[in-house]
Amino acid sequence: MKRKLWMKIFTILMAMSLLLGLGAGSARYAQAAEVSSDIVVESADGSASGSEDEFRVGMEAGYPPFNWTQTDDSNGAVRIDGNKEYAGGYDVQIAKKVAEGLGKKLVIVKTEWDGLVPALVSGKIDAIIAGMSPTAERKETIDFSDIYYKSDLIIVVKKGEAYEDATSIADFKGAKITAQLNTFHYGVIDQIEGVIRQTAMDNFTAMRVALEAGMIDGYVSEKPEGVSASMANSNFAMVEFDKGKGFATAEEDTAISVGIAKDSELTGQINEILSGISEEERTELMDEAILEQPASGGNKTSFQWFIDIMKENGPMFLRGAGMTLLISLTGTILGFLIGLLVGVIKTIPMPLKGAGRTAQKIINGLLSVYVEFFRGTPMIVQAMVIYYGSALAFDIHMNRLAAAIFIVSINTGAYMSEIIRGGIVSIDKGQFEAAQAVGMNHVQTMTNVVLPQVIRNILPATGNEFVINIKDTSVLNVIAVTELFFQTKSVAGNNFRYFESFFVACILYFIMTFTVTRILRHIEKRLDGPANYNMITNQAPDEDTDSTAGQA
Amino acid sequence: MEKVIEIQHLSKSFGTHEVLKDIDFTVNKGEVVCIIGSSGSGKSTLLRCINLLERPSGGMIIYNGENILDEKHDIHQYRTKLGMVFQQFNLFNNHNVLNNCIVGQVKVLGRSKEDAKKVAMKYLKNVGMEKYVNAKPSQLSGGQKQRVAIARALSMEPDVLLFDEPTSALDPEMVGEVLKVMKDLAHTGLTMLVVTHEMAFAKEVSDRVVFMDKGVIAEEGTPELIFNNPTQDRTREFLKRTL
Ligand SMILES: Nc1ncnc2c1ncn2[C@@H]1O[C@H](COP(=O)(O)OP(=O)(O)OP(=O)(O)O)[C@@H](O)[C@H]1O
Ligand SMILES: [Mg+2]
């Protein structure tokens with residue numbers, strides 16, 4: 001009974017994080033091409049930011065059996081660039097062969113799915129080897145090698161239910177079937193006669209949850225996903241179809257190729273290397289990958305999973321949480337300083353006339369544009385624009401962490417400047433006048449009298465901003481910053497235990513925000529000083545009636 | 001007599017509202033001058049123009065032989081020579097009593113912390129607040145706040161102390177303690193310019209009384225003259241209403 005309640009809570013939390021979080025991150029197929037075609041202003045020449053003898057390959061490292069993240073180098077896994085984890089899987093094995101053929105050192109760059117094409121176009125990576133299909137849409141932006149894997153469409157169903165025994169797509173008459181949004185998987189559903197087509201879902205995670213919860217009878221996907229889903233979750237089974245009984249598909253849809261920058265000389269070289277890998281060898285590599293991919297857990301309960309996930313991935317979660325804290329703390333502090341500067345400049349009294357007045361008006365105008373712009377656009381969009389845009393337009397390759405801190409800082413700065421401006425305006429005019437009357441100039445008035453009061457007053461708002469930042473850094477997963485949300489996605493992408501993995505993240509986020517709130521409350525109290533003051537009593541007390549007045 | 005501040009043809013308008021009209025007025029060293037007049041006559045505005053909290057619309061303010069309304073004049077430097085005591089006290093809320101009296105000395109006059117503390121303690125003792133050095137303004141009564149405000153102004157060791165109705169915001173039982181401090185100061189030879197509604201104080205303490213009406217100085221003279229033999233009808237009417 002109790003466990004059922006837990007499951008319900010898990011489901012609700014999971015559904016919430018799916019709706020709010022995952023949806024934002026990983027529409028697998030068509031979107032990446034769209035995003036990148038917007039950003040491509042002047043295409044980079046395809047040279048990577050790394051050195052000449054490196055072959056930099058982008059992948060999610062979270063899409064088994066093609067690619068996944070693991071904690072050691074077993075089964076030929078390769079260390080992920082700038083990270084303590086390793087990438088394994090079919091794609092990694094292919095990438096190794098390609099790198100070997102090119103005579104270069106393989107570097108695996110773990111990149112969010114939506115960031116792969118922009119990363120390639122901006123020259124941050126040399127190739128995408130990430131289970132990516134060479135669709136016509138993507139071909140507008142990047143080139144593709146020859147096919148290095150071809151898969152069949154299958155339907156993932158629940159074990160022990162009627163559809164498990166289906167042999168033909170015709171057997172799915174009356175079944176509630178869905179597939180991933182913006183993929184050809186969804187388009188083929190209509191080939192099943194009498195099917196009840198469900199709304200397309202954003203990602204595999206959502207579909208697995210829906211299947212497990214009985215909201216759908218099955219979902220269409222490619223074979224590798226079917227194999228890994230049924231291996232990872234013992235409640236799932238995969239229905240394969242014999243020739244002629246399955247879906248009719250186009251070759252470009254089921255094929256998987258290496259993505260390469262437009263007109264790169266790499267394309268020819270890679271094709272040559274791929275042609276040297278035989279069909280049998282490919283099947284063998286895929287079978288190995290399916291076997292080696294992060295193991296399924298049999299019939300463990302959610303609670304056992306929860307414990308195991310924390311045990312096995314503890315360091316990964318903690319690194320993610322550490323990164324989240326680092327980014328949000330530095331971002332909040334820098335943002336606070338930016339806000340302070342902007343707020344103070346905006347409240348400098350206007351000179352009545354002269355050039356100073358014009359200059360100040362221009363500066364105030366620019367600052368208003370800054371504030372309005374960054375308050376008025378989503379941070380996730382700013383992250384994409386700043387990180388990839390700086391690479392494309394100015395050839396600046398920002399370090400991911402620096403970019404993350406930069407984005408959070410200017411974002412927080414925009415909010416804080418308004419909070420601080422409001423705080424300054426709300427300080428009694430008498431405080432300014434008294435400071436001026438003792439001869440202080442504007443800066444002295446601000447630093448000695450006004451700002452200390454403003455800062456005390458806006459401390460709760462600052463704490464709020466910090467808490468918001470801890471949560472909102474999760475959107476930075478789009479530029480592949482390894483913060484907590486990104487790490488959790490990797491963990492969940494490997495073990496397929498989405499409830500449990502994200503529940504761990506949920507708890508970690510809460511611990512962080514709760515601790516921060518407590519600490520700030522403590523600081524507020526410290527700043528306020530003691531509620532009573534001590535009378536200086538080293539002199540004989542006089543008869544004055546008010547010598548005790550203040551001690552109430 | 002040595003002039004501390006000399007005002008010539010001072011005028012001040014807020015928009016089209018002319019609040020001060022062609023004021024000529026001098027404060028001499030060691031003098032206690034009280035400014036009286038009905039509400040809205042421009043007393044506060046005059047005082048605020050003198051220390052440039054309001055920018056005069058016209059005229060001159062001559063201090064040390066220089067017109068401080070000249071663009072190039074350093075008004076911050078000038079303001080340190082004028083202490084100001086406000087009706088609403090305006091103690092720095094983020095500082096305790098001692099720091100209220102120190103911060104200006106250290107940050108503006110560049111005194112060392114120790115020197116500033118010595119000076120502050122001396123004046124806090126003068127106003128009877130030396131035992132409250134650790135208190136925050138919010139922990140003090142109105143009379144105590146005003147005494148600290150006086151000590152803060154004195155700590156800058158100004159040439160003139162300006163008071164704008166220093167007792168008007170006080171509960172009646174606290175008026176006395178502040179007036180007593182002011183009387184003591186007057187007797188030390190400090191130059192003081194006091195806007196007040198306390199006629200008894202003006203009568204007793206001041207060397208000269210200025211009566212303002214509708215933005216002009218209607219009459220000025222010794223307390224005996226103003227209070228006992230005013231020459232102007234409007235002075236007489238005002239005194240009849242207030243006394
Ligand atoms: N910042 C301002 N803007 C517009 N008008 C103002 C401003 N400050 C003062 N005034 C006007 O100037 C006139 C004189 O005001 P002031 O405060 O100098 O009078 P006062 O003699 O000090 O009166 P009270 O005894 O009530 O303090 C009033 O009519 C007032 O409304
Ligand atoms: Mg007034």
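Predicted model: local features only at pLDDT ≥ 70, side-chain atom pairs only at ≥ 80, totals over all residues.
Residues are numbered from 1 along each chain as its sequence is written, chains are lettered from A and ligands numbered from 1 in the order in which they are written, and side-chain values use heavy atoms, with hydrogens and water left out.

Back to the ligand. Thr45(B) has a polar side-chain atom 2.4 Å from an oxygen atom of ligand 1, and for Glu165(B) the corresponding distance to an oxygen atom of ligand 1 is 3.1 Å. Alone, ligand 1 exposes 630 Å², and the protein buries 62% of that, by the Shrake-Rupley method with a 1.4 Å probe.

What surrounds ligand 1? The shell has 13 residues, the closest being Ser39(B), Gly40(B), Lys43(B), Ser44(B) and Thr45(B); a residue counts if one of its heavy atoms lies within 4 Å. Helix α1(B) gives the most, with three residues. Helices (H or I, at least four residues) and strands (E, at least two) are DSSP runs, numbered from the N terminus. By class, the shell has two nonpolar, nine polar and two charged residues.

Now the interface. 34 residues of chain B are in contact with 35 residues of chain A, contact meaning heavy atoms within 4.5 Å. The buried area is about 2,700 Å², with 51% from carbon and sulfur atoms; this is accessible area (1.4 Å probe) lost on putting the two parts together, summed over both. Phe92(B), Lys131(B) and Gln139(B) supply 24% of the area that chain B buries against chain A.

How many salt bridges cross the interface of chain B and chain A? The rule, a side-chain nitrogen of Lys or Arg within 4 Å of a carboxyl oxygen of Asp or Glu, finds one. Arg48(B) pairs with Glu433(A), the closest N and O atoms being 2.7 Å apart.

How values were computed
Polar contact = N/O pair within 3.5 Å; in protein donor to acceptor, adjacent residues only side chain to side chain. Nonpolar A, V, L, I, M, F, W, Y, C, P; charged D, E, K, R; others polar.
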